[in-house]
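Please look over the sequence and the structure shown here before reading on. The report is written for someone who meets them for the first time.

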Amino acid sequence: MQPELKKGTAEVLILSLLEDRARHGYELAKLIEKRSRGVLEFHVASLYPMLYRLERRGWIEGRWLEKAGHRRRRFYKLTAAGRKALPEQRKSWREFIRAIERVAQVGNA
Amino acid sequence: MPDWKEYVREHLPPLGLNGVREHEIVDEIAQQLEDAYSEAVVRGVSPEEAETRAAAQISDWAALEQEIRRAERPVANEIAVRVPKNLRAAVQEENIRKRRGGNMFADLLHDLRYALRLLRKNPGFTAVVVLTLALGIGANTAIFSIINAVVLRPLPYSDPSRIAALGQTAKDGEFTYAFTVPQFRFLRENHSQTLEAIGAYRGSGTFALKQQDKLEWVSAVSVTEDFFRVFGVSPVLGRAVQLNETQPGGANSVILTDALWRRMFGGDPGVIGQQISLDDSPYTVVGILPRDFKFIENPADIFIPLQLGNTLGDQGTNTEIAARLAPGADLAQAQSQLQAIFPQMPDKSSFVGVSAAPYQKALAGDLRPNLLILFGAVGLLLLIACANVASLILTRASSRAREISIRLALGAGRGRLLRQFLTESSVMAVIGAGVGLLAALWALRSLVAAIPWDLPTGAASVSIDGSVFAFTLGTAILTSVFFGLASFWQITRMNLVNALKEGGMNGGASRNRVRNVLVIGEVALSLTLLVGAALLAQTLYNLHRENLGFDPENVVTFVTPYPNVRPLTPERIWQFEQDVLARIQSIRGVTSAAAVSVAPLTNQSNVPVQVAGMNDPKHSFGGAEIRAVTDRYFQTMRIPLLRGREIQGDDITTGAPIAVINETLAKRWWPDSNPIGQQIVIGEYLGRQLFNPPDPPREVVGVVADVKNVLLSRPAPPMVYIAAGNKSIQLGGSTAWVIRSAPNAELGSAIHSTITTMDPQQRILRLKTMTEVIGSSIAAQRFDALLMSLFACVALALASVGIYGVLSLFVTQRTHEIGIRIALGAEPLQVLRLVVGQGLILAVIGVAIGIGAALGLTRFLTTILYHVTATSVAPYAIGGFALVIVALFASYIPARRATKVDPLVALRYE
């Protein structure tokens, strides 16, 4: 798999998870692991650089928040630009999946 | 629970981000690890296992760092990635600082380490700066150590600042710390309320102290009853000198120093009241001085009463007076009261005033102005060294402009940079001071040994002590603050964008101006030192050219104290002298030999003299130099006979009353007539006879050329030669000898063995060639000239380093321009001229300013110059010329480099 694809995969996952509400890094990692039932495991070593890259790009925004009874954490939320970019990302992701299905004839098997 | 923040900080390599961002990332990743850990613990995993699991989340920290770096990549980071290798350290430095946060002490340590690393990376620069500083600081410390010992450190007497030395000013402006005995008696009786005690003292030579089978030569000082009170000391055993002992014919008593008492008498208290033998005369021991008392001015072993009589010796201006100020009185009050009683003071015909000076100042004597001049000179040297270091640092700041710009771009505070610069220059200053201190320790030893003056407080008193060290450190810190500020000032004036764009090599015009000003200053100060050195060298040369009046080549001289026989009669002395003369003349190679009471340039022996029967001041002279000589004296010394005849052997054997006078005396009394056949009386002054019985009138039989007396720089005084052997006139306690011979390396030992076979107890003192005598008579001037020349040479070297540095930078900055010129067909000579011309301009401006500075500063040299004025043209011309030549040489290497510029490379340089 080309690196761009891999990167794209991860990006769309994160943007999707942030679509309904702000989450912090640990939560994101946990969610990805849980929802994929352990198939996808996001290494810390790639998660955070990913978040930073998205933040630089202006799609997500991190902010330190302190909730009652909890430690200070950095919560990421989708920015307007991120929200606008998400459908486009999903679309290209879907196209990618379809392309794989066609090649590997996964769906018709 | 482990501190995960600390854990991340330890593992994550620096990211090259600004501090806040870097902090955030560390925090966030730490939070991640902590969450993983806490979760594991909640699930019931043991803390150790939880820790391992959390840590396992990040296996490759370097990869994480790379990823984050790639993800981030702010503007600053764009620069950082493109930073040349040699500047990466600076970038890293910024980041480490930011992540660590503020902690004064840790910052300081960190700054120190960073400074040391930078200095190690530039060994050439560091070496030049440290050496320059070490030279400046070392020379200052060495000279200051001597000044401290001689001028500043309080004398070891009780309340030493209240001790005054009395002195009087002669009509010719000459100041002397000596009085006649009648003058002292007058002052003692009339001393005002401002003086609590007044004591007179006079060196009394050496005595043979015989104690059972032991013999020791001990030196003595004669003192009056108040002497010890003046110096705030009283004997620990027995008593001090009493008033009645200072009368002529008073009891012979003696007070011993602690050292002598222990050495010769085993510290036996029973010695008080006992008689001891000094020169075979009985003296009663009356007191023992405390162990810590030392009479610095004349470290004698014994003190005996000064008997205030009316002998010829008592009439001479040869007695020193020290006084202790009364409580509440100050020196100025004492001074004015002394001046008020001066009109009644006896023997004041040749004096115009009496005054009181701090005793310590009097003790330092001639040394004081000399030391202050040398101190001024090393001060200038330190200034030059500072200018040089500042210029070096500024030049380096230019080449560091890029590093600094990057750090400023990364958000470094100016305050922090200032601290960094101060730390860096302080480190250099401290190393420089350290090396300088070592150099001073070494220099001090050789300097003290080379000092031609007797250090009043003794050579052992000169050491690097606390205050000297404080002075060095102070100088170091001052200079360091100065350099730090200077280079920081440069940086803050720098245009960051330009610095980044231009690669930092092109300093602004203002920066060049500062460096030029520093170099011009160095040249100007160096010129001042050069002029000083030239003036002193000229002085030395003039002294060497002085007409001695005799031929010193192949002449050896020495002194023999009178033989140790009792009773010591004129006949016994003459017998001894004849024996010595006969034996010396038989030494192989000796062509002629003679005895003289005092050899030229060694000492003086003055006695009044007048024209017989003429009792007016015009025909009396108070301080004529009297010499008793044997018949071949003039021949041995090659003193030209101008008129009449020399002293002959017959004159000695018959004791005929004759005299030979010198040209000065002949011109004084008989300017237009023939002095031969005239009658003079030695020891008579304004008709008063000072000898008892009086010396008979003597017929002048010859006139000889003038011979220098004590100092080369003084014209010869009136002088009278009489035949030796006629010891009705007592002329001191020793005989000097002059021997002319063929060059003979063994002459000295031959003389020694000749005389000691005659009398094993006979001492031979100050055996020297006449050339050495002349050398030591101008040793002070030679020392001054030597040190000043040394300083001037160092200054020249420093100035040439300065010029070289500025021109090197000039060539580097103008490589582009020079490349274009060469591409357009400029000849190497033209390029050479461009660079050398630049150097010459700096040198010429510096010389012009230096002439002004030198004219102002060399005024202080006037007192030690001889036959050369501080404004004479030659020294300035020589100094200026030397500097221009040095500037030419210093410019040549950068200029050569400029001619080698490859136009292609130079144009690509941008």
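**Chain A**

The model is a predicted one, and the description starts with the secondary structure of chain A, which comes to four helices and three strands. Along the sequence these elements follow the pattern α-β-α-α-β-β-α, and of the 109 residues of chain A, 40% count as buried.

The three strands form an open sheet in chain A, in the order β1-β3-β2 and with antiparallel pairing. Its edge strands are β1 (23–24) and β2 (60–66) of chain A, each of which pairs on one side only. Between β1(A) and strand β3 (residues 72–78) of chain A there are two bridges, in the antiparallel sense, and His24(A) stands opposite Phe75(A) in β3(A). In general, the strands of a sheet pair through backbone hydrogen bonds, either parallel or antiparallel.

The loop between α1 (3–17) and β1 of chain A holds Glu19(A), a residue that is partly exposed, with a relative accessible area of 32%. Glu19(A) and Gly82(A) are 63 residues apart in sequence, while their C-alpha atoms are 9.0 Å apart in space.

**Covered elements of chain B**

In chain B, strand β10 (residues 320–325) is mostly covered, since five of its six residues are buried. Strand β1 (residues 163–170) of chain B pairs with β10(B) in the antiparallel sense over three bridges, and in this pairing Ala164(B) stands opposite Ala323(B). Strand β3 (residues 195–211) of chain B also runs antiparallel to β10(B), joined to it by six bridges, with Ala200(B) opposite Ile321(B) in β10(B).

Helix α9 (residues 181–190) of chain B is largely enclosed by the rest of the structure, because seven of its 10 residues are buried. The buried residues of α9(B) include Phe184(B), Phe186(B) and Leu187(B), and among them are also Gln183(B) and Arg188(B).

**Salt bridges**

Side chains of opposite charge can pair when their charged atoms come close.

| Salt bridge | N to O distance |
|---|---|
| Glu49(B) and Arg53(B) | 3.4 Å |
| Arg263(B) and Glu216(B) | 2.5 Å |
| Arg698(B) and Asp695(B) | 2.8 Å |

Why are Glu49(B) and Arg53(B) separated by about one helical turn? They are four residues apart in helix α3 (residues 47–56) of chain B, so about one helical turn lies between them. An α-helix has 3.6 residues a turn, so residues three or four places apart point the same way. Glu49(B) is partly exposed, with a relative accessible area of 36%, and Arg53(B) also counts as partly exposed, at 43% relative accessibility.

The salt bridge of Arg263(B) with Glu216(B) has its closest N and O atoms 2.5 Å apart. This pair links distant parts of the chain, with Arg263(B) in helix α11 (residues 258–265) of chain B and Glu216(B) in strand β4 (residues 214–223) of chain B, 47 residues apart. Arg263(B) counts as partly exposed at 42% relative accessibility, whereas Glu216(B), at 19%, counts as buried, because buried means under 20% relative accessible area.

Elsewhere, salt bridges that share partners join Glu55(A), Arg74(A), Arg21(B), Glu24(B) and Glu28(B) into one network.

**Surface patches of chain B**

Arg113(B), Arg117(B), Arg120(B) and Lys121(B) form a positive surface patch. Of these residues, Arg120(B) has its place in helix α7 (residues 104–121) of chain B and is exposed, with a relative accessible area of 64%.

A nonpolar surface patch of about 400 Å² is made by Phe469(B), Leu473(B), Ile477(B), Val481(B) and Leu485(B). Val481(B) is found in helix α18 (residues 466–492) of chain B and counts as partly exposed at 36% relative accessibility. Ile477(B) also has its place in helix α18 of chain B, and it is partly exposed with a relative accessible area of 49%. The C-alpha atoms of Ile477(B) and Ala429(B) are separated by 6.8 Å, although the two residues are 48 residues apart along the chain.

Key
Residues are numbered from 1 along each chain as its sequence is written. Chains are lettered from A and ligands numbered from 1 in the order in which they are written. This is a predicted model: local features need pLDDT of at least 70, side-chain atom pairs count only at pLDDT 80 or more; totals for chains, interfaces and linings use all residues. Side-chain values use heavy atoms; hydrogens and water are left out. Patches are made of residues with over 30% relative accessible area and no salt bridge: like charges are joined within 9 Å, nonpolar side chains (Val, Leu, Ile, Met, Phe, Trp, Tyr) within 5 Å. Accessible areas come from the Shrake-Rupley method with a 1.4 Å probe; for residues, only the protein chains shown count as cover. A salt bridge is a side-chain nitrogen of Lys or Arg within 4 Å of a carboxyl oxygen of Asp or Glu. Lys and Arg count as positive and Asp and Glu as negative; His and the chain ends are not counted. The place of a charge is taken as NZ of Lys, CZ of Arg, CG of Asp or CD of Glu. Buried means under 20% relative accessible area, exposed over 50%, partly exposed in between (1.4 Å probe, protein chains only). Two strands pair if DSSP finds at least two bridges between them.
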